[in-house]
Structures are given as structure tokens and as C-alpha cells.
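Good morning, and thank you for coming.

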Amino acid sequence: MNDDNKNQSKSDVKITSPNSGEHILTPAQRARIERNRQAALLLKQARLIPHPYAKINTADSVEKSVIKVQGSKFIDTGGGFLLEQKDGEDQNEEPITLTPGPAPIMEPDRPVCEECQETFEDSYLFQNFEHSICDSCRDHDEKHRLITKTDAKNVYMLKDCDLEKREPVLKFIMKKNPHNVRWGTMKLYLELQVEKRALEVWGSEEQLEAERERREEERAKSKMKKYNKQLKALRMSVRSSLYDRTNKSSHVHQFGPETFNEEDDTYSHTCTTCSYSETFEKM
């Protein structure tokens with residue numbers, strides 16, 4: 001083979017086609033083909049790698065070990081970290097959807113903190129409750145405290161419609177119950193906004209306090225009424241057992257008319273033959 005044939009074999013490649021005969025590929029064409037082949041291999045490998053949020057349910061997958069820590073279940077991924085397993089989680093659940101965060105606030109539209117009167121880009125209270133307080137001025141324990149929906153209804157005498165339907169609807173955040181994860185999630189409201197809504201419903205603090213006292217009195221009356229009913233039932237059961245023991249004798253009492261005692265709220269009657277008197281209550 002001469003030098004010309006050697007150079008042609010290194011630079012050009014012949015492809016034989018049944019229709020058009022032989023075609024010679026230039027180095028640029030062969031480089032493009034190689035790039036396309038490498039890209040196809042990378043795409044194939046990317047499809048084989050599972051998505052980090054995807055559910056893997058294959059027959060040949062290795063069963064993951066489940067670890068229980070304080071009532072919560074965690075899956076050992078084998079990669080040095082644990083994933084929390086929710087109750088009732090199965091392989092047919094919908095995939096997790098990632099939602100983008102809110103758009104950044106531009107300079108002319110930045111809110112002003114109600115405490116320090118300074119502009120700020122974003123804060124926890126402004127993002128979740130639309131309350132213009134920066135993170136530096138936020139008071140976690142007192143002024144900007146969060147309360148549950150149950151406390152908001154009991155302390156401020158509100159109903160579900162006052163929190164969820166009256167315009168504007170109060171903002172809230174969802175959080176897992178710290179006492180038990182099986183109790184579901186809690187709704188947390190900003191207490192400042194709940195107190196303001198209570199004043200809108202009741203008109204003034206005096207009327208709100210009067211409603212609290214009225215409900216407290218009703219609660220105390222209901223508790224006392226329940227206690228008296230249980231005490232009366234206990235007295236009736238004790239006296240009925242004593243009455244049964246007196247009937248074991250051969251004498252059978254024949255009582256006269258009943259007499260009502262207003263002070264004790266009881267009734268009494270006396271045997272006409274042996275002067276035996278019995279006091280009882282009527283339910």
C-alpha cells in the first residue's frame with residue numbers, strides 16, 4: 001500500500017449504501033457522530049439514575065430497614081442519613097411536587113417595619129402572615145406569639161367561620177404536633193391578628209370579657225348540675241340497697257301518703273303498722 005492510500009484510510013471512512021454506493025465521511029462528520037454517540041450514552045445513563053424524590057418499587061430492589069425513634073419511623077437509606085416515613089405511606093402515592101418560593105420584593109415595594117421603621121427585603125412574619133415586622137424586631141415569646149386554632153377559639157370566643165370565612169381570612173401555618181406525630185398537624189395563627197379579629201366580632205374588650213365571664217358561669221353551672229345528678233344517683237342506689245335488706249324480714253310495710261320536704265328536696269312516708277319512716281328522692 002502506497003502513502004496516498006495510507007493517508008486516505010486515516011482521514012476518510014467509506015460507508016457502502018445499497019442504493020447510492022459508497023460514501024466517504026470527512027473527519028468533521030466522524031467527530032459529530034462521536035459527539036452524538038456520547039450524548040446518547042449520557043442521556044441513557046441519566047434515565048437509569050432514579051430521581052431523589054421518586055418512589056422505587058422494583059422486584060430486585062433491596063428492602064430498606066426501618067428504625068423507630070420516639071414513635072416515628074425512619075428509613076435507613078444506607079447513605080449515611082435517615083428519611084422519615086409517614087404513616088400510611090405506600091408506593092402508589094403521588095410524587096412530591098416542588099413549589100417555587102415567592103418572587104423577591106423590589107426596592108420601591110419593600111415593606112417598612114412597624115417597630116424600627118426600617119425597610120426590609122423579607123421576614124418570617126411578612127412571608128407567612130403579611131405582618132410588616134422584620135426578623136430583628138420579632139418577639140417570639142410575647143408580642144408576636146403564635147397560638148393554635150383551639151386556643152384562638154377558646155380564649156378569644158371565636159368560631160371557625162370567624163377565622164376561616166370572615167374577610168379578610170386570617171393567615172396561618174401548618175406544623176406537626178410536638179406531643180404526638182399521630183395527632184395530625186396544627187394550625188398556628190398570629191395572636192395579634194386573632195385578637196384584632198375578636199375585637200371586630202365582639203365590638204370592644206369589655207364585651208369580650210363579659211362573654212368570657214358568661215361562658216365561665218355556664219360552664220360552672222353545668223359542672224355543678226352534673227355533680228348533683230351523680231350524687232343523687234349514688235344516694236338512690238345506697239338507699240335502695242338498705243330498703244332491700246329491710247324487706248328480708250317477715251313484716252311487710254304498708255306506707256301511708258308521701259310527704260314532700262322542700263329544704264332537702266326529698267320525699268318521706270311512714271308505715272301505718274310499725275311506724276317505720278323512709279326518706280327517698282325522686283329522679
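Which residues line the second largest pocket? They are Glu114, Phe129, Glu130, His131, Pro168, Val169, Leu170, Lys171, Gln193, Lys196, Arg197 and Glu200. What we are viewing is a predicted model, in which local features need pLDDT of at least 70 and side-chain atom pairs count only at pLDDT 80 or more, while totals for chains, interfaces and linings use all residues. Residues are numbered from 1 along each chain as its sequence is written, and side-chain values use heavy atoms, with hydrogens and water left out.

Let me stay with the pocket. On a 1 Å grid over the protein atoms alone, a pocket is an open set of points where a 1.4 Å probe fits, with protein on both sides within 12 Å along at least five of seven lines, and a lining residue has an atom within 4 Å of a point. The volume here is about 250 Å³; a volume is the space filled by probe spheres set on the points, which are joined across faces, edges and corners. By class, the lining has four nonpolar, two polar and six charged residues. In this scheme Ala, Val, Leu, Ile, Met, Phe, Trp, Tyr, Cys and Pro are nonpolar, Asp, Glu, Lys and Arg are charged, and the others, Gly among them, are polar. Helix H6 (residues 191-202) provides the largest share of the lining, four residues.

Glu130, in the loop between H3 and S6, has a positive phi of about 55° although it is not a glycine. Glu130 counts as exposed because its relative accessible area is 56%; buried means under 20%, exposed over 50%, and partly exposed in between, with a 1.4 Å probe and protein chains only.

Gln117 also has a positive phi, of about 60°, without being a glycine. Its place is the loop between strand S5 (82-85) and helix H3 (124-129).

As for the whole protein, there are seven helices and eleven strands. These are DSSP runs numbered from the N terminus, helices being H or I with at least four residues and strands being E with at least two. Of the 283 residues, 16% are buried.

Is Asn177 buried or exposed? Asn177 counts as buried, because its relative accessibility is 12%. This residue lies in the loop between strand S7 (172-176) and strand S8 (185-190). Leaving aside neighbours within four places in sequence, Asn177 is in contact (heavy atoms within 4.5 Å) with Trp183, Gly184 and Met186. A polar atom of its side chain lies 2.9 Å from the backbone nitrogen of His179.

Met186 is also touched by Thr148, as are Lys187 and Leu188, not counting residues up to four places away in sequence. Thr148 belongs to strand S6 (residues 146-148).

Finally, how many disulfides does a search of the whole structure find? The search finds zero, a disulfide being a pair of cysteine sulfur atoms within 2.5 Å. For Cys137, the nearest cysteine sulfur, that of Cys134, is 3.5 Å away. Cys137 counts as partly exposed because its relative accessibility is 24%. Cys161 is likewise partly exposed, at 38%.

Methods. Polar contact = N/O pair within 3.5 Å; in protein donor to acceptor, adjacent residues only side chain to side chain.
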